[in-house]
Amino acid sequence: MNPFLRTGRGERKGIALIQESEIITLLVGIGVVIFITANFKRLIRIPSFPILYAAFLLTLSGWVLTVLEGLFLFDLFNFLEHVCYSLSSILIAIWCWSYFVRERAGP
């Protein structure tokens, strides 16, 4: 059994699969990181920006893991991908709370 071939849920058969949309999403995400880096001084003015940026980096990590899971170690990278997405969602919720709830309450 070839470890590079998978169909899903840990089963390895058929053809190794990396979808074009996964590659395009990863490339767009890398472009966004370049944009954020180039405009960091302006973006840091967004309230609680480090939380928002960390959430995006976790999402980007999930996209990297999505591509890697198509190549090898499907189960491990699939698990780590979903951990990244979960942590990113938690950070987005924290950012929303800090932006919308704390900002209204005042200092």
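Which residues of helix 1 are buried?

## Buried side of helix 1

In this predicted model, the buried residues of helix 1 are Glu22, Leu26, Gly29, Val33 and Ile36. They lie on the same side of helix 1, because the arc they cover around the axis is only 80°. The background to this is a matter of helix geometry: an α-helix has 3.6 residues a turn, so residues three or four places apart point the same way.

The cover over these buried residues includes helix 2, at 40-43, and helix 3, at 49-69.

## Exposed face and length of helix 1

On the face of helix 1 that is turned away from the buried side, the exposed residues are Glu20, Ile24, Leu27, Val28, Ile34, Phe35 and Ala38.

Helix 1 itself comprises residues 20-38, a run of 19 residues, and its span from the first C-alpha to the last is 27 Å, close to the 27 Å expected at 1.5 Å a residue.

## The protein as a whole

The secondary structure consists of four helices and zero strands, and from the N terminus on the order of elements is α-α-α-α. Among the contacts in the protein with a separation of 6 or more, 59% are between residues 24 or more positions apart.

Of the 107 residues of the protein, 29% count as buried.

Technical notes
Residues numbered from 1 in each chain as written. Predicted model: local features only at pLDDT ≥ 70, side-chain atom pairs only at ≥ 80, totals over all residues. Heavy atoms only, no water. Helix = DSSP H or I, 4+ residues; strand = E, 2+ residues; numbered from the N terminus. Expected span 1.5 Å × (residues − 1). Buried < 20%, exposed > 50% of the residue type's maximum accessible area, 1.4 Å probe, protein only. Arc of directions from axis to C-beta. Contact = heavy atoms within 4.5 Å.
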